[in-house]
Amino acid sequence: KKTNSNPSTVEITLPTYRTKPEDNEKFYPSHVKKIINSVLQQEFTNTTVDAKWMEDWSDGEYADDVEDLSKAIADKIKARCRDELHLPRYKLVVQVTIGQRKDQGVRITSRCLWDTSTDQYASASFQNEFVWASALVFGLYTD
C-alpha cells in the first residue's frame, strides 16, 4: 500500500502466521486441570446441592437452574484459563456435564479432529453425595 506522506513509497507488510505456539504460550493440560478442579470445588461448595434439589431437578421443576449452573461453571473455567494462562492463539471450548448420583454408571466421550502437536485437552470431575460433574476443556491452536 502507498503511504500518504510519499505517494511513491510502498510499505510491505509480511504475514504474521505462526504454525506453532511459543513455549510460554502452550496449552498444558496439567495447568488447566488445576483450574477446572478449583472451579468445580468452589462452585459446588458455594451451591446448595442436596437430595431435594436433585429430585426437584430430575422432575423438571429446576431444570433451568442446573442448565444455568453448568453454563456458569463453563464460563468461569474459560475466564480463569484466559486470565491465568497465556494462550493468545488458542480457541478454548469448555463442556460441563452435571448429573444426579443414583447408583448409575456414566461414560463421557468426545472425538475431535486436530493437530496432535499443538492441540490438547484437559478434564476433571467432581462428585459428592448427591451430584457428579465432569468438565472438559479443549485447547485448539489457531494460526
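A pocket, in this talk, is an open set of points on a 1 Å grid over the protein atoms alone, with protein on both sides within 12 Å along at least five of seven lines, and its lining residues have an atom within 4 Å of a point. The model is predicted, so local features need pLDDT of at least 70 and side-chain atom pairs count only at pLDDT 80 or more, whereas totals for chains, interfaces and linings use all residues. Residues are numbered from 1 along each chain as its sequence is written, and side-chain values use heavy atoms, with hydrogens and water left out.

Let me begin with the largest pocket. Its lining comprises 14 residues, and R101, Q104, V106, Q127 and W132 lie nearest its centre. The elements that give two or more residues to this lining are β2 and β3; strands here are DSSP runs of E of at least two residues, and helices are runs of H or I of at least four, numbered from the N terminus. The volume of the largest pocket is about 240 Å³, taken as the space filled by probe spheres set on the grid points, which are joined across faces, edges and corners.

Q120 has G139 in β3 as its bridge partner, and a hairpin of three residues joins β2 to β3.

Next, the charged pairs. A salt bridge is a side-chain nitrogen of Lys or Arg within 4 Å of a carboxyl oxygen of Asp or Glu, and the count comes to four. One of them joins K76 and E43 at 2.6 Å, N to O. Because K76 lies in helix α3 and E43 in helix α1, this pair ties together parts that are 33 residues apart in sequence. How accessible are the two partners, then? E43 is buried, at 9% relative accessible area, and K76 is partly exposed, at 38%; buried means under 20%, exposed over 50%, and partly exposed in between, with a 1.4 Å probe and protein chains only.

Another salt bridge links E84 with R80, their closest N and O atoms being 2.7 Å apart. Both residues lie in helix α3, four residues apart, about one turn of the helix. E84 is partly exposed at 47% relative accessibility, and R80 is also partly exposed, at 24%.

Technical notes. Pairing = 2+ DSSP bridges. 1 Å grid on protein atoms, 1.4 Å probe; cavity = no way out; pocket = protein on both sides within 12 Å on 5 of 7 lines; lining within 4 Å.
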